[in-house]
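Please look through the sequence and the structure shown here before reading on.

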Amino acid sequence: MTVSELIKKMIAYSEGNLHDIAHFLKVYAYAKTIGECEHLDENTQLTLEVAAVLHDIACPLCREKYGSTDGKYQEKEGAVLAADFLKDSGFSEALIERVSYLVGHHHTLTQIEGMDYQILIEADYLVNADESHYDKNNIRNMYERVFQTETGKELLQHIYGVSIDG
């Protein structure tokens with residue numbers, strides 16, 4: 001399966017929820033951009049792109065089961081859903097395991113290990129900052145404490161006009 005085929009499958013899975021579709025497509029675009037600009041190796045880039053497409057796969061279930069898409073619920077439910085979604089994809093078991101891990105941790109901002117994890121956090125935040133109307137202090141805090149890639153930092157500065165200089 002290609003990433004484009006995965007996107008098509010995820011759009012169908014989203015059953016017309018325009019917010020969910022637009023969100024994962026924006027996260028995917030930022031993740032792809034950051035990963036390519038940071039010169040990830042081919043496998044890490046693929047893992048990142050697949051994880052970006054699937055990162056919020058648990059949202060429909062969480063809305064139904066918990067009445068909320070809070071990150072803790074997404075992480076609780078998402079890893080298993082992602083693994084199941086990818087089971088017949090043709091992707092390697094190692095890639096599916098890593099994607100499932102990333103989907104199950106994409107709201108955990110501590111102990112970030114791996115560039116795929118770091119970039120997924122940054123890409124999701126770039127979109128969430130807009131969709132949730134985060135204030136400049138929140139954005140500056142993320143810039144200082146969480147963002148690590150040069151590309152992610154540059155995008156955050158250019159999009160939101162925030163830097164460590166304030």
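What follows is a short briefing on the fold, the core and a few loop residues.

This is a predicted model, in which local features need pLDDT of at least 70 and side-chain atom pairs count only at pLDDT 80 or more, while totals for chains, interfaces and linings use all residues. Residues are numbered from 1 along each chain as its sequence is written, and side-chain values use heavy atoms, with hydrogens and water left out. The protein chain has nine helices and zero strands, where helices (H or I, at least four residues) and strands (E, at least two) are DSSP runs numbered from the N terminus.

**Overall fold**

- Read from the N terminus on, the elements of the protein chain follow the order α-α-α-α-α-α-α-α-α.
- The protein chain is as compact as a globular protein of its length, because its radius of gyration is 15 Å, close to the 15 Å that the globule rule gives for 166 residues; this radius is taken over C-alpha atoms, and the rule is 2.2 Å times the number of residues to the power 0.38.
- The C-alpha trace of the protein chain spans about 50 × 40 × 25 Å along its principal axes.
- Of the contacts in the protein chain between residues at least 6 apart in sequence, 60% join residues at least 24 apart, where contact means heavy atoms within 4.5 Å.

**Surface and charge**

- Of the 166 residues of the protein chain, 45% count as buried; the word buried means under 20% relative accessible area, exposed means over 50%, and partly exposed means in between, with a 1.4 Å probe and protein chains only.
- The protein chain exposes about 8,600 Å², and carbon and sulfur atoms supply 49% of this area; accessible areas come from the Shrake-Rupley method with a 1.4 Å probe, and for residues only the protein chains shown count as cover.
- The protein chain carries 14 positive and 28 negative charges, whose mean positions are 5 Å apart; Lys and Arg count as positive and Asp and Glu as negative, while His and the chain ends are not counted, and the place of a charge is taken as NZ of Lys, CZ of Arg, CG of Asp or CD of Glu.

**The nonpolar core**

- In soluble globular proteins, nonpolar side chains tend to be buried together.
- The largest nonpolar core has 44 residues, and Val50, Val53, Leu54, Leu86, Val99 and Leu156 touch the most other members; such a core is a set of buried Ala, Val, Leu, Ile, Met, Phe, Trp, Tyr and Cys residues joined through side-chain atoms within 4.5 Å.
- The elements that give two or more residues to this core include helix H1 (3-13), helix H3 (42-54) and helix H9 (150-160), and the largest share, nine residues, comes from H7.
- Valine 53, leaving aside its neighbours within four places in sequence, is in contact with Val3, Leu6, Ile7, Met10, Phe24 and Tyr28.

**The loop between H6 and H7**

- Threonine 108 lies in the loop between H6 and H7 and counts as partly exposed, because its relative accessible area is 23%.
- From C-alpha to C-alpha, threonine 108 is 8.7 Å from lysine 72, although the two are 36 residues apart in sequence.
- Apart from neighbours within four places in sequence, threonine 108 is in contact with Glu75, Tyr117 and Ile121.
- Isoleucine 112 is found in the loop between H6 and H7 and is partly exposed, because its relative accessibility is 23%.
- Not counting residues up to four places away in sequence, isoleucine 112 touches Tyr117, Gln118, Ile121 and Val146.
- Glutamate 113 is found in the loop between H6 and H7, and it counts as exposed because its relative accessible area is 57%.

**Residues in other loops**

- Threonine 149, in the loop between H8 and H9, counts as buried because its relative accessibility is 2%.
- Not counting residues up to four places away in sequence, threonine 149 touches Ile34, Glu38, Met115, Gln118, Ile119 and Glu122.
- Most residues other than glycine have a negative phi.
- Glutamate 15, in the loop between H1 and H2, has a positive phi near 45° and is exposed, because its relative accessibility is 73%.
- Histidine 133, in the loop between H7 and H8, has a positive phi of about 55° although it is not a glycine, and it is exposed because its relative accessible area is 68%.
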